[in-house]
Amino acid sequence: MSRAFVAGVGMTKFEKIETRDWEYPDMVAEAVGAALADAGIGYDAVRRAAVGYVFAPSTAGQRALYDVGLTGIPIVNVNNNCATGSTALMLAREWVQAGLVDVALAVGFEKMTKEALNPPGGMPKVTIVDRHLAVPAAGRGWANAPMTAQFFGNAAREHMERYGTTAEQIAAVAVKNHRHSVNNPYAQFRDEYTLEQVLADKSIHAPLTRSQCSPTSDGAAAAVVVSERYAREHGLTGRAVEIVAQALTTDTAEAFAGGSDIALVGPAMTRAAKDRVFAEAGLGIEDVDVIELHDCFSINEILTYEGLGMCPEGEGGKLAESGATTYGGRWVVNPSGGLISKGHPLGATGLAQCAELTWQLRGEAGPRQVEGARVGLQHNLGLGGACVVTLYRGPAEGRRDDEEG
């Protein structure tokens, strides 16, 4: 298997739904145009494309790219819930690694509506989360709150009961990520909040308040993935970021056994994906400098700390309040502002994480730059379920010894 590199990235600003006059081909053209320009290549160099989205109809990927170019390349549509964007990236990487193409494009987009999250006609008999729904139905019961907020809010309650985690520790995640977003021009929200403001915000499903929940968003992101040969021949090695290792995992029986609200939201998927990635790369969490992870709700960042091995199980809350996950700490987690503040257009999220880490590892992140970032880790989770963990290495370390200098 050959090596694969991210040669170009691009994204739109993530927007509150129904506030910008654009359609999904518009946002895709903007993101893809930026990624191609960043790589310094034309669309005619792309040989395959993976296009991810959750709410658009079948073959929307083709329509999304028709305005970019009508070159007849294979276009594969990808839908893996909130992990869709990173799944599209993984597909592009596998094409390149297998030697099928030298240049592949990964795209993710979402134009969301209120109806998309709450479809008319009620819940069908079989849904993607019908097994998940049985756990709270048999345990804490159902409240008048959004379904996903209840899943994660219940996980927060279990974490508090089991480990003594406090509401303040969980809210500290949101304080950090909102503070980080102030320096991100692509973020949907760029406001800083105090701990007291986060705790006093509107309750969604206790202990989670509104500013601890990712918003509905519109937007797109894209990445150009190239082979090592292509990068060398086209002078891209100085800026191309290597995808060192990547793993996609799905729920096992552990998610539904024992009625645990924590197990229900995917930490076992995170652990399994992390183990595979670090084994493939020969690296560990101690080698990572910067992390973009799936903070769809503040508690999930805490659960992900534990799943990635950043701290022992049950101590994620302490890590969140310690300062170890922000500038000056051991890692910088979600320098983009994360899903909570940057926004969460489902299909675009994974590729926006890729874009942020690419900028960070090139040293191009401006006022949110993590000093000396060389290794980056991405975590993208979708209930239903899918988890993709990706490890990146910056250009200086991505080149072989005979290329350097």
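1. Pro207 is located in the loop between β6 (203-205) and β7 (208-209), where helices (H or I, at least four residues) and strands (E, at least two) are DSSP runs numbered from the N terminus. The bond joining Ala206 and Pro207 is a cis peptide bond, with omega about 5°. The model is predicted, so that local features need pLDDT of at least 70 and side-chain atom pairs count only at pLDDT 80 or more, while totals for chains, interfaces and linings use all residues. Residues are numbered from 1 along each chain as its sequence is written, and side-chain values use heavy atoms, with hydrogens and water left out.

2. A cis peptide bond also runs from Gly384 to Gly385, with omega near 5°. Gly385 belongs to the loop between β12 (375-382) and β13 (386-393).

3. Two non-glycine residues with positive phi deserve a check. Glu18, in the loop between β2 (15-16) and α1 (24-39), has a phi of about 65°. Asn81, in the loop between β4 (75-78) and α3 (84-97), has a phi of about 55°. Asn81 counts as buried at 18% relative accessibility (buried means under 20% relative accessible area, exposed over 50%, partly exposed in between, with a 1.4 Å probe and protein chains only).

4. Five aromatic pairs are found in a search of the whole structure (rings of Phe, Tyr and Trp, the last by its six-membered ring, pair if their centres lie within 6.5 Å; planes under 30 degrees apart count as stacked, over 60 as edge-to-face and the rest as tilted). One of them is the stacked pair of Phe152 and Phe297, at 5.1 Å centre to centre with 25° between the planes. This pair links distant parts of the chain, 145 residues apart: Phe152 is in helix α6 (residues 147-163) and Phe297 in the loop between β10 (290-292) and α12 (298-307). Both Phe152 and Phe297 are buried.

5. Why is the pair of Tyr186 and Trp359 stacked? The ring centres of Tyr186 and Trp359 are 5.3 Å apart and the planes lie at 15°, so the pair is stacked. Because Tyr186 lies in the loop between α7 (167-181) and α8 (195-200) and Trp359 in helix α15 (residues 349-362), the pair ties together parts that are 173 residues apart in sequence. Tyr186 is partly exposed, at a relative accessible area of 26%, whereas Trp359 is buried, at 10%.

6. Tyr24, Tyr53 and Phe109 form one aromatic cluster. Phe109 is also touched by Ala56, as is Glu110, not counting residues up to four places away in sequence (contact means heavy atoms within 4.5 Å). Ala56 lies in the loop between β3 (48-52) and α2 (60-66).

7. Two arginines lie over aromatic faces. Arg48 is over the face of Trp95, at 5.4 Å from the ring centre, and Arg131 is over that of Phe256, at 5.8 Å. A charge sits over a ring if NZ of Lys or CZ of Arg is within 6 Å of the ring centre and within 35 degrees of the ring normal.

8. Gly164 lies in the loop between α6 and α7. The C-alpha atoms of Gly164 and Lys318 are separated by 9.9 Å, although these residues are 154 residues apart along the chain. Leaving aside neighbours within four places in sequence, Gly164 is in contact with His159 and Gln169.
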